[in-house]
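Me: I've just opened this one and I'm new to it. Can you walk me through it?

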Amino acid sequence: MPMNCDVDLAIPAHRAEMHPSSRWALLGVISAGGVLGALARYALETAFPRPAGTFGWTVFTINVVGCALIGILMVLVQRVWRGQLIRPFLGVGVLGGFTTFSTYIGDIQVMIAEGHPRTALAYLAGTLFAALLAVWAAMELTIWLVRPRAPVIHAPGQRR
Amino acid sequence: MTLLLLVALGAAVGAPLRYLTDRAIQTRHPSLFPWGTLAVNVAGALVLGFVLGLPPANGLMALVGTGFCGALTTYSTFSYETVRLIQDGSRLYALVNLTASIVAGLGAAVLGYAAAGAVVG
C-alpha cells in the first residue's frame with residue numbers, strides 16, 4: 001500500500017503519472033474531482049450550518065465519511081481496480097476536495113473565539129480519533145471483502 | 001448560483017495545487033514523513049485564518065475559504081498517511097504528524113487572522 005494516497009513517489013506508477021503525455025489529463029481529472037468534492041461539501045455546509053458555539057457536526061461528518069471512503073478506495077485501487085486515473089480522480093480530487101483541514105482548524109479557532117474552548121477541544125480530538133478509526137476500519141473491512149477465496153477443488157468422480 | 005461557481009473555481013485550482021506541491025516536496029525531500037500534506041494543510045489554515053480576519057464577504061469566503069482552501073487542504077490524505085505510518089511501525093512519525101499538523105495549523109490560522117487585522121486596521 002502507498003504511504004501517501006495523493007502521490008507517493010516511491011511507487012513507479014505514481015512517478016510516471018506526470019509524464020508529458022498524460023500530465024494534463026491527470027491535472028484535469030484532479031481538478032474536476034476537487035470541484036465535485038468541494039461542491040458536495042458546500043451543499044452540506046449550506047444545508048446544515050453550524051450554530052454559533054456548537055460542535056461542528058457537518059464538517060465532522062464530512063471529514064469522517066471522507067476518511068472511510070479513502071480507506072475503501074485505496075484498497076480497491078491496489079487490489080481490484082486497474083485504471084490509472086481512478087486514484088487521482090476519486091482520491092486526490094473528489095475526497096481531497098470533499099474533506100477539509102482548513103475548515104476544521106478554522107472552526108476550532110472560531111469555537112474558542114466564541115468562548116467555547118471545551119467544545120473546541122472535543123471537536124479537535126473527536127474528529128482526529130473518528131477519522132483515524134474510519135480509515136483503519138474501512139481498510140480492514142475492504143481487505144477482508146476482497147480477499148482471494150480458496151478455489152473449490154472437486155475430487156475426481158465427485159458430483160458437482 | 002454565483003457562490004457555487006466561486007466554490008468550483010477555487011476548488012479547481014486548490015486540488016491540483018495540493019497534488020503538485022506534494023510531488024514537488026517529495027522530489028526535493030524524499031522522506032517517509034508526509035511533509036507535502038503537512039505543508040498544504042498548514043498553508044490552507046493560514047489563508048483561511050486571513051480570510052476569517054477580514055470583514056465578512058460571502059463571495060470571498062466561497063472562492064478562497066470553501067473552494068480554494070477546502071480543496072488545497074485534506075483530512076482524508078492526512079488521516080490515511082497517519083494510519084499507514086502506524087501500520088508501518090513508525091508510531092513516532094504518526095504522533096509527530098498529528099501534533100505538528102494541529103499545532104502548526106492552529107498557529108498559522110491565528111497568524112493569518114492577526115495579519116488580516118493588521119491589514120484592515
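Me: How do H3(A) and helix H4 of chain A pack?
Reply: In this predicted model, H3(A) and helix H4 (residues 86–98) of chain A pack at an angle of about 170°, with their axes 9 Å apart. That makes the two helices, H3(A) and H4(A), roughly antiparallel. Helices here are DSSP runs (H or I) of at least four residues, strands (E) of at least two, numbered from the N terminus. Axes are lines fitted to C-alpha atoms, for helices over the stretch in contact, and angles between N-to-C directions run from 0 to 180 degrees. Under 35 degrees counts as roughly parallel, over 145 as roughly antiparallel, 65 to 115 as roughly perpendicular, and the rest as oblique.

Me: Which residues meet there, in H3(A) and H4(A)?
Reply: From H3(A), they include A:Ile62, A:Gly66, A:Leu69 and A:Ile70. From H4(A), A:Ile86, A:Arg87 and A:Leu90 are among them. Contact means heavy atoms within 4.5 Å.

Me: And H2(A) against H3(A), at what angle?
Reply: About 150°, with the axes of H2(A) and H3(A) (residues 57–79) 9 Å apart. So H2(A) and H3(A) are roughly antiparallel. On H2(A), the contact uses A:Arg41, A:Leu44 and A:Glu45; on H3(A), A:Thr58, A:Val59 and A:Ile62.

Me: Switching topic. Where does A:Glu17 lie?
Reply: In chain A, A:Glu17 lies in the loop between helix H1 (12–16) and helix H2 (23–47).

Me: Is A:Glu17 buried or exposed?
Reply: A:Glu17 is buried, at 9% relative accessibility. Buried means under 20% relative accessible area, exposed over 50%, and partly exposed in between, with a 1.4 Å probe and protein chains only.

Me: What does A:Glu17 touch?
Reply: Neighbours within four places in sequence aside, its contacts include A:Val7, A:Leu26 and A:Arg87, plus B:Tyr19 and B:Arg23. The side chains of A:Glu17 and A:Arg87 are joined by a polar contact of 2.7 Å. A polar contact is a pair of N or O atoms within 3.5 Å; within protein, one must be able to donate a hydrogen and the other to accept it, and residues adjacent in sequence count only if both atoms are side-chain atoms.

Me: What about B:Cys69?
Reply: Its sulfur is 19 Å from the closest cysteine sulfur, in A:Cys67, also too far for a bond. B:Cys69 is buried, with a relative accessible area of 0%.

Me: Where is B:Asn97?
Reply: In helix H5 (residues 91–120) of chain B. B:Asn97 is buried, with a relative accessible area of 2%. Not counting residues up to four places away in sequence, B:Asn97 touches B:Phe33, B:Pro34, B:Phe78 and B:Thr82.

Key. Residues are numbered from 1 along each chain as its sequence is written. Chains are lettered from A and ligands numbered from 1 in the order in which they are written. This is a predicted model: local features need pLDDT of at least 70, side-chain atom pairs count only at pLDDT 80 or more; totals for chains, interfaces and linings use all residues. Side-chain values use heavy atoms; hydrogens and water are left out. A disulfide is a pair of cysteine sulfur atoms within 2.5 Å.
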